[in-house]
Amino acid sequence: LIKTQEMDISQLEAIHNTGTTPTPQTVTIPQRSWAYMNTSLEPTLGPVGVNPYQPGTPGSPWTEDEVLSTRLRILQMIHPNWDIKEAQGTWNGIGVKTTKGQVTENTLMRLVFHDCMRYTDGTGGCDGCINWKGVGESGPSPHDKNDYYKTTPFNRTDNNGMDQIAEKLELIYTTLDWPFQNASLEVSLSQAGRSRADLWELAGLVALERTIERANRACDLDFHARQQVTLLESREKCEIKLTKPLKFLTGRKDCIPDPDLPGYMAPMEENQNLMFGDAKHVIDFGKTEFGIDALHWTALQAIHGVVHAPANLGVKYTWFGPGYLSNVYFKMIANKPRYRFDQGGDLSFGDANEAANIYPTAIGDPEGNPVAQTGWRASCMMAWNTSEGGPCFMRPTPTEAFDAPNPDKMAFQHCVKEIDADGKCVIDEKWGKRCESTTCDENNIEHGSKLAGASPEIVGPWHENATDQRWRHASGWNNQFAFPWEIGLYWNFTVGGVGQRAIGCPGLDKPFGTVDEPNWPHRTSNSPIFSSPAMNCSVNTYAPEDKPMHEIVDELASDNAYFAETFLEGWQMMASNGYTEGELVDGPQNGWMGHYSLTEQGVSRDQIGDFEKYIEDNKPLTFTDKNVDPYICGHRGHAMVSCGIRFSEGLAQGFFVGPGDAGPGF
């Protein structure tokens, strides 16, 4: 330790830049039989290393065994079973209002993005540190009337909700064993000279690989409504494949922390983006702060279609999208033809009635064709202390809302009662003539049902004595939400007003009025969530490089394989922010995207050889297991549903409710 401290930064950088393989420590690979560590046990720090990591210097190279053991520790850390999370200390409770962040797959991916933000002085990037301003603050709850109209409007994003994931990763970084009772290492990653920043980026890749594994499996198990790329493009296009490596790179430098604070707490504030900015702001932010072009930065936004609602914002219920990583996110933005799906991306499938919520059939028009059905309207919550309430999001128009794009083309949605043991549709006869001609094809796409019919037109502002309250709710509400800048990637509008809401085209420019005297036509029945008329906007022609934004979104929405390749390229760019070419070096190939999944399927390292060449020789390379049985979601679930349930379990019992699989995390 003394010798290391006497070395200056230039000497340590020289050691890294030689690419010399470190003297390997003996690593014990975690086994599925290993017990996890409960909160009554103390993790083992282990001995001081010969060359421990020094903040501000490049992290030293990893060994393959260190990568594998760390991967398995990360997978146990993000185990989604509620009972296990509570026992091992990775639980943060349920509900939308909490002071503690989640330890989940999705939070890991969010951490990677926030870690790679630059500081306000232009320095930084991916440095294993996040600023703690705003962390641990409990925001308003949309379910608590005591929180209505009391919160000062938010401006920029922050790192709230990432406290616990950073703390738990620090245990992996500084101990030999956690989250297992058995030790994996002789000296901790920190004492072995690896940087925290490299650990965080590896953890992000581990989470992303699991996300892709689930998305690809859904191409076969959940494709009638959510992952419907299988029907809209093809089964081949649905699956995310590799056409080039997504590498685990090493040599990132940790920030130099305040000596009185944990090493993962950045002493400076990041240059956070506006939470409710418009699309131009967000696209320009990607260019100026990450150096990422509009195409790749736009593709990266599809990660939001995977996640649940962010905590502490005062919003109901789930981020829009399919719940899986795919271009359905962009199909919804650009109003591409789709089959019916009004329930949103939340992958905690169960509900209070123990419904499966994996749709067994696809419903479009009476001829079985998909329909362009996604309009958008502004929707203001009731947390902010403004005359318009807030925060204000965008919500999809319900399929049959009178001002939706094609309410007169959608087929009736209740004709199929169930799928029998032979995979055939059972028609529900109680609906009579509406369903008398309904059949299902080989893909269980429904044909022959009568039209559903549009909802009644809503006229005039909402008021307490309106006789059409039911329709004002039904046509104005959707459980999915979007930030204005997401929808503005394709459509031309901006953001303004006290509620920081979408404005700038017909529908959105309808004056809100006030929460006491609203001009908007829609309000939910049980809470004061107001919604505007459906927007009628032109496309976004902003062209930060050589192509207007609406064309970028349209191309991503039209080809899932193109989207997937672009997304993975963008992830590599994001995870390298703050470093020039040559500063980062290739880490062990078993840390690269897809290598672990292939070896788990029995493809040997000898068969793979040079993974970069293997990908080139076999592209597009299918790398996820076609028979894998993943957990259905990456977030923590909510009051009625856990996220520790696997596809097989939920489909077998007919519903997705309960604590889920308590087996090993990998």
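Three nonpolar, six polar and two charged residues make up the lining of the second largest cavity. This is a predicted model, and the space in that cavity comes to about 40 Å³. Arg 338 and Asp 342 are among the lining residues, and so are Met 332, Phe 341 and Pro 396. The lining also takes in Gln 373, Thr 374, Thr 397, Thr 399, Asn 478 and Gln 480.

How many cavities of 30 Å³ or more are there? The count is four. As for how such gaps are found, rolling a probe the size of a water molecule over the atoms shows where empty space is left.

## Arg 194 and Glu 66

Now to the charged pairs: the model has 31 salt bridges. Take Arg 194 and Glu 66, whose closest N and O atoms sit 2.9 Å apart in a salt bridge. Arg 194 belongs to the loop between helix H6 (163–174) and helix H7 (196–221), while Glu 66 is in helix H3 (residues 64–77), so this contact ties together parts that are 128 residues apart in sequence.

Are these two residues buried or exposed? Both Arg 194 and Glu 66 are buried.

## Arg 214 and Glu 105

Here is another salt bridge, this time between the side chains of Arg 214 and Glu 105, at 2.9 Å from N to O. Once again distant parts of the chain are linked: Arg 214 is in helix H7 and Glu 105 in helix H5 (residues 105–115), 109 residues apart.

Why does Arg 214 count as buried? Its relative accessibility is 3%, and buried means under 20%. Glu 105 counts as buried too, because its relative accessibility is 3%.

Arg 235 pairs with Glu 239 in a salt bridge, with the closest N and O atoms 2.9 Å apart. The two partners fall into separate accessibility classes. Arg 235 has 21% relative accessibility, so it counts as partly exposed. Glu 239 has a relative accessible area of 4% and is therefore buried. The cut-off that matters for both is 20%, since buried means under that value.

Which residues are joined with this pair into one network? Through salt bridges that share partners, Arg 217, Asp 220 and Lys 626 come together with Arg 235 and Glu 239.

How values were computed:
Residues are numbered from 1 along each chain as its sequence is written. This is a predicted model: local features need pLDDT of at least 70, side-chain atom pairs count only at pLDDT 80 or more; totals for chains, interfaces and linings use all residues. Side-chain values use heavy atoms; hydrogens and water are left out. A salt bridge is a side-chain nitrogen of Lys or Arg within 4 Å of a carboxyl oxygen of Asp or Glu. Helices (H or I, at least four residues) and strands (E, at least two) are DSSP runs, numbered from the N terminus. Buried means under 20% relative accessible area, exposed over 50%, partly exposed in between (1.4 Å probe, protein chains only). On a 1 Å grid over the protein atoms alone, a cavity is a set of points where a 1.4 Å probe fits but cannot get out, and a pocket is an open set with protein on both sides within 12 Å along at least five of seven lines; lining residues have an atom within 4 Å of a point. Grid points are joined across faces, edges and corners, and a volume is the space filled by probe spheres set on the points. Ala, Val, Leu, Ile, Met, Phe, Trp, Tyr, Cys and Pro count as nonpolar, Asp, Glu, Lys and Arg as charged, and the others, Gly among them, as polar.
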